[in-house]
Every structure is written in C-alpha cells, then in structure tokens.
Amino acid sequence: MPANMSLFSVNAILILSTDDRSRILTKYYSAPHAPPGSTNHPGANPYPTVKEQKAFEKGLLEKTNKQTSDVILYDGRVVVFKMEGDVMLYVVGGGDENEIMLWGVVLALRDALAILLKNSTDKRTVVENYDLVSLAIDEIIDDGIILETDPVIIASRVSKPPTQDITSVKNIDLSEQGLLNAWEFGKLKLAERMRQL
C-alpha cells in the first residue's frame, strides 16, 4: 500500500500582476490532516510567513516571465501557469504531483474567470470582481483538494443566486403603495400584540 494516500494535491494558487509584480490573490494550503508534531510532511506549507511567500512569488515571476513552457519545477515544487492579460495564474503542487492534474486546475480557473468576467481577465477586472474570483477558487480547491475542474459548473455555482430567495423576492411589491401597505400591516400587528399584553 502506498505511503501517501491523500487527496491533498495543491500547495498554493496564485494570481499575480505582471505589470507591477504585485500579488492580487494568493491562497496557500496545508494538508488538513498532518501528522502530529511534523513540520516537514508532504503536505506541509513550505512558506508559512508572508515574507517567505512574497519571496517565493517574486522568484516565481522572474523565472516564468520569459518562459515558453507552462510547467516548471521551481523550489522543489511543480508549478503550472497561464498568462491572461496582465495577470499570471499559478497552481503550485508538490514535487511529485501530477502535472496534468494541476494543468487541469489552472485551465479550469482560466476558463471559469473568462466566463465570470466576460473574457476580460486583467488586473483591474479581477480586483473589481474579487469576490467572484475568490469564490471560483474556493469552488475549484478546498484545503488543497481539487473539487471541480469544469469551468461551466464552477461559474454557475459562483454566479447563480440561491433559488429559494428568488421566489420570495418576486412576490414583494416595492411600489410606494406596497410599502405603505406593509407599514400599515406592521402597525396593525404591533397594536394587536400590545393589546394582548
């Protein structure tokens, strides 16, 4: 039986700006079930502090800035990346991780963002729609475990409002008369409660 039977496969997912080399959105993951007292297990976060994370990201941007391939081995980690507009999308896995699986994650992220942001994946749009981007990443990866790689399903889960709220909103009359009726109804109910006491 293999020693590493874990679904944990993603150490980090990064969205970095290529213009000013700033971080737009970064999420680092540690294995959810680490061995007790161990800091150097296969799923351990190798960059626990922000200073170490920024140094890793700076080196990664410098290394991938003029790369023609989309998969590299950097700092003992498999890194797959894709450039979209003025942002770089990175998925970082362990040194022995499957590159094709990580490549599927970065493509799912790219395509889901293209759907959600209407093919305008650039720094300004990502920052303006930070909530959608963050939710999309959470739909793809949870605690380093890949959950979904279909961009259409990811985009529908992120952008679709809950169905139970839609039916109750349709029945509300928001005209001036409807608001006055609601006010009168509230006053009537309050008066009834007061009389019962």
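In this predicted model, residue I24 is part of strand β2, which covers residues 23-28. I24 counts as buried because its relative accessible area is 12%, under the 20% cut-off. Who are its neighbours? Leaving aside residues up to four places away in sequence, I24 touches I15, L16, S17, V87, K123, V126, V127 and Y130.

A step back gives the wider setting. The chain contains seven helices and seven strands. Read from the N terminus, these elements follow the order β-β-α-β-β-β-α-α-α-β-β-α-α-α. Of the 197 residues in the chain, 36% are buried. Among contacts with a separation of 6 or more, 54% are made by residues 24 or more positions apart.

At the start of α2, a side-chain oxygen of N98 comes to within 2.9 Å of the backbone nitrogen of I100. The buried residues of α2 are L102, V105, V106, A108, L109, A112, L113, A114 and L116.

Where does α2 meet helix α4? The contact brings V105, A108, L109, L113 and L116 of α2 together with L132, V133, A136, I137 and I140 of α4. By class, this contact has ten nonpolar residues, with no polar and no charged ones. Helix α4 covers residues 130-140, and its axis comes within 10 Å of that of α2, the two crossing at roughly 145°. The crossing of α2 and α4 is right-handed.

After α2 comes K118, whose phi is positive. K118 sits in the loop between α2 and α3, the latter covering residues 123-128. K118, however, has a positive phi of about 55° although it is not a glycine. With a relative accessible area of 68%, K118 is exposed.

D143 belongs to the loop between β6, residues 141-142, and β7. Is D143 buried, exposed or partly exposed? Its relative accessible area is 39%, so D143 is partly exposed.

E148 is found between β7 (145-146) and α5 (151-159). The relative accessibility of E148 is 16%, and E148 therefore counts as buried. A polar atom of the E148 side chain lies 3.2 Å from the backbone nitrogen of D150. Beyond residues up to four places away in sequence, E148 touches E139, I140, I153, I154 and R157. Among these partners, I140 is also one of the α4 residues that meet α2.

Methods: Residues numbered from 1 in each chain as written. Predicted model: local features only at pLDDT ≥ 70, side-chain atom pairs only at ≥ 80, totals over all residues. Heavy atoms only, no water. Buried < 20%, exposed > 50% of the residue type's maximum accessible area, 1.4 Å probe, protein only. Helix = DSSP H or I, 4+ residues; strand = E, 2+ residues; numbered from the N terminus. Polar contact = N/O pair within 3.5 Å; in protein donor to acceptor, adjacent residues only side chain to side chain. Axes fitted to C-alpha atoms, helices over the stretch in contact; angles between N-to-C directions. Left-handed = near helix turned anticlockwise from the far one by under 90°. Contact = heavy atoms within 4.5 Å. Nonpolar A, V, L, I, M, F, W, Y, C, P; charged D, E, K, R; others polar.
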